[in-house]
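Subject: Structure handover

Hello,

Here is the structure for you to look at. My notes on what was found follow below.

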Amino acid sequence: TEKIQKLGVRTEAAAMRMLGKTVRAAGRIEPDERRVFAVTAKFEGYVERLHVNATGQPVAKGQPLFEAYSPELVAAQREYAIAMQGIGAMKDAGTEAQAGMRQLADSSLARLRNWDIAPEELRALEQGKVKRSLALVSPVAAVVLEKRATEGGRFMAGDTLFELADLSQVWLIAEIGSLDFSAIAPGQELRFKTPALPGPPPSPAPPQPPERS
């Protein structure tokens with residue numbers, strides 16, 4: 001017994017239990033790459049009015065992000081309005097003339113749809129209401145990650161004006177060392193802590209018995 005105490009040997013009764021390894025790693029929360037969206041300008045113009053003007057602001061699907069003015073946009077509206085008026089005026093004309101006017105109206109409408117103009121704005125155009133500026137809406141319900149549009153600012157075709165992300169599902173990216181690869185497998189449960197979600201305080205550790213000298 002004296003030799004065991006001098007060597008610091010500890011003993012424990014044999015028992016059946018699960019042997020495992022705790023893997024600890026640092027990680028970060030990131031948006032799901034499959035739920036990130038960019039709102040890109042498809043024509044040249046100016047930002048007349050911003051409806052969403054802050055990073056982190058939540059937006060609903062179909063909610064106006066900003067109103068854009070563009071001479072090209074106004075010209076496309078007038079072309080569509082004139083074509084719709086021509087269809088109404090040519091009811092008694094020949095079939096070929098009506099088909100040509102309908103084709104002109106459809107092509108003008110397709111161009112406006114390709115520019116992501118809100119459906120409400122397109123319905124107003126059917127009544128011949130040409131507007132100076134039209135609203136561009138959010139394609140999804142999301143949160144603004146980045147806002148590059150400024151009220152009164154100019155944008156070019158291809159410019160990314162908003163970056164949106166659906167944060168209802170996110171990724172946890174953890175840095176696992178190569179020596180711990182054998183201890184993890186797909187489908188295993190994990191627990192994580194983050195300052196954003198502190199949760200209840202941890203329970204105090206049980207007191208340790210004093211070591212014998």
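A contact here means heavy atoms within 4.5 Å. On that basis, and leaving out residues up to four places away in sequence, Thr55 touches Val144, Leu145, Glu146 and Lys147. Please keep in mind that this is a predicted model.

Thr55 sits in the loop between β3 and β4. Its relative accessible area is 53%, and since exposed means over 50%, Thr55 counts as exposed. From Thr55 to Pro71 there are 16 residues in sequence, while their C-alpha atoms are 29 Å apart in space.

The sheet

Four strands make up an open sheet, ordered β2-β9-β7-β4, with antiparallel pairing. The edge positions are taken by β2 (36-40) and β4 (58-59); each has a single partner strand, so one side of each has no neighbour in the sheet. In general, strands of a sheet pair through backbone hydrogen bonds, in either a parallel or an antiparallel sense.

Between β7 and β9 there are four bridges, in the antiparallel sense. One of the residue pairs is Val144 with Leu164, the latter in β9. β4 and β7 also run antiparallel and are joined by two bridges. Here Pro58 stands opposite Val143 of β7.

Glu163 belongs to strand β9. With a relative accessible area of 25%, Glu163 is partly exposed. Apart from residues up to four places away in sequence, Glu163 touches Val36, Phe37, Val143, Val144, Leu145 and Glu146. Val36 is 127 residues away from Glu163 along the chain, yet the two C-alpha atoms are separated by 7.3 Å.

Gly158 lies in the loop between β8 (154-155) and β9. Its relative accessibility is 47%, which makes Gly158 partly exposed. Beyond its neighbours within four places in sequence, Gly158 is in contact with Thr40 and Ala41.

The core

Which residues have the most contacts inside the largest nonpolar core? They are Phe66, Leu112, Ile117, Phe155 and Phe162, in a core of 31 residues. Two or more residues each come from β3 (45-50), β5 (64-69), α2 (71-89), α3 (95-114), α4 (119-125), β6 (133-137), β7 (142-147) and β9 (160-165). Of these elements, α2 gives the most, with four residues.

Phe155, one of the core residues with the most contacts, also has a list of its own. Setting aside neighbours within four places in sequence, Phe155 is in contact with Ala41, Phe43, Glu44, Gly45, Tyr46, Val47, Phe66, Ala68 and Leu161.

The surface

A nonpolar patch on the surface is formed by Ile29, Val36, Leu145, Leu167, Val170, Leu172, Leu190 and Phe192. Together these residues have about 660 Å² of accessible area. Ile29 is found in strand β1 (residues 27-31) and is partly exposed, at 46% relative accessibility. Two other members of the patch, Val36 and Leu145, are among the contacts of Glu163. Leu145 is also among the residues that Thr55 touches.

Regards

Definitions and conventions: Residues are numbered from 1 along each chain as its sequence is written. This is a predicted model: local features need pLDDT of at least 70, side-chain atom pairs count only at pLDDT 80 or more; totals for chains, interfaces and linings use all residues. Side-chain values use heavy atoms; hydrogens and water are left out. Patches are made of residues with over 30% relative accessible area and no salt bridge: like charges are joined within 9 Å, nonpolar side chains (Val, Leu, Ile, Met, Phe, Trp, Tyr) within 5 Å. Accessible areas come from the Shrake-Rupley method with a 1.4 Å probe; for residues, only the protein chains shown count as cover. A salt bridge is a side-chain nitrogen of Lys or Arg within 4 Å of a carboxyl oxygen of Asp or Glu. Buried means under 20% relative accessible area, exposed over 50%, partly exposed in between (1.4 Å probe, protein chains only). A nonpolar core is a set of buried Ala, Val, Leu, Ile, Met, Phe, Trp, Tyr and Cys residues joined through side-chain atoms within 4.5 Å. Two strands pair if DSSP finds at least two bridges between them.
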